[in-house]
Amino acid sequence: MSVFSKLFGSNQKEDKLEDDKYIETILKSSEDAPLGISNNNLIYVGYNELGGYYYLQSFIIGRLKIKTKAGAKIIIEGNDYTLELNSDMLEFESEPATPLDAYVTKIDFEIEKSAVENLKRSTMKQLTLIIKKKEVVFTVKNEE
């Protein structure tokens with residue numbers, strides 16, 4: 001234990017409890033199960049096809065508040081694969097979600113049809129969202 005934490009106390013346990021309560025509040029307000037959970041964000045993911053192009057649609061709900069004109073990247077790590085996808089639009093912004101004291105960030109990623117067919121929740125382990133210099137790591141929440 002460092003000198004500073006002895007003098008001023010450690011807030012890590014309190015922050016972890018606060019994050020857990022925050023995530024639990026968001027989970028209770030949703031009927032759907034998120035694909036992944038980070039410290040203070042949830043990610044919901046679905047697929048869509050439009051005119052022969054496939055998209056991985058993501059909704060991030062939580063404390064992530066971002067505005068960018070540089071796009072984003074998501075890295076999906078699975079049992080025997082790693083998939084790196086770029087956002088289909090460079091410009092997007094988080095919007096407030098009022099009753100939750102949270103933000104919603106919608107990002108679509110371009111994906112090949114063959115990759116869509118291979119992605120399964122049961123084989124995914126982790127998703128890493130990269131926006132600007134921020135990295136948000138989500139652990140995949142397998143349904144039980």
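Me: What makes the contact of the Glu 84 and Lys 73 side chains a salt bridge?

Reply: In this predicted model, the side chains of Glu 84 and Lys 73 come to 3.1 Å, N to O, and a salt bridge is defined as a side-chain nitrogen of Lys or Arg within 4 Å of a carboxyl oxygen of Asp or Glu, so the pair is called a salt bridge. Residues are numbered from 1 along each chain as its sequence is written, and side-chain values use heavy atoms, with hydrogens and water left out. Local features need pLDDT of at least 70 and side-chain atom pairs count only at pLDDT 80 or more, whereas totals for chains, interfaces and linings use all residues.

Me: Why are Glu 84 and Lys 73 called partly exposed?

Reply: Buried means under 20% relative accessible area, exposed over 50%, and partly exposed in between, with a 1.4 Å probe and protein chains only. Glu 84 has 49% relative accessibility and therefore counts as partly exposed, and Lys 73, at 28%, counts as partly exposed too.

Me: What makes Leu 85 buried, and which residues does Leu 85 contact?

Reply: Leu 85, which is placed in strand 6, has 5% relative accessibility and therefore counts as buried. Leaving aside neighbours within four places in sequence, Leu 85 is in contact with residues including Leu 56, Ile 74, Ile 76, Phe 109 and Ile 111, where contact means heavy atoms within 4.5 Å. Lys 73 is also among the contacts of Leu 85, and these two residues are 12 residues apart in sequence but 5.6 Å apart in space, C-alpha to C-alpha.

Me: Why is Gly 46 called partly exposed?

Reply: Gly 46, in strand 2 (residues 41-50), has a relative accessible area of 24% and is therefore partly exposed. Not counting residues up to four places away in sequence, Gly 46 touches Tyr 55, Leu 56 and Gln 57.

Methods: Helix = DSSP H or I, 4+ residues; strand = E, 2+ residues; numbered from the N terminus.
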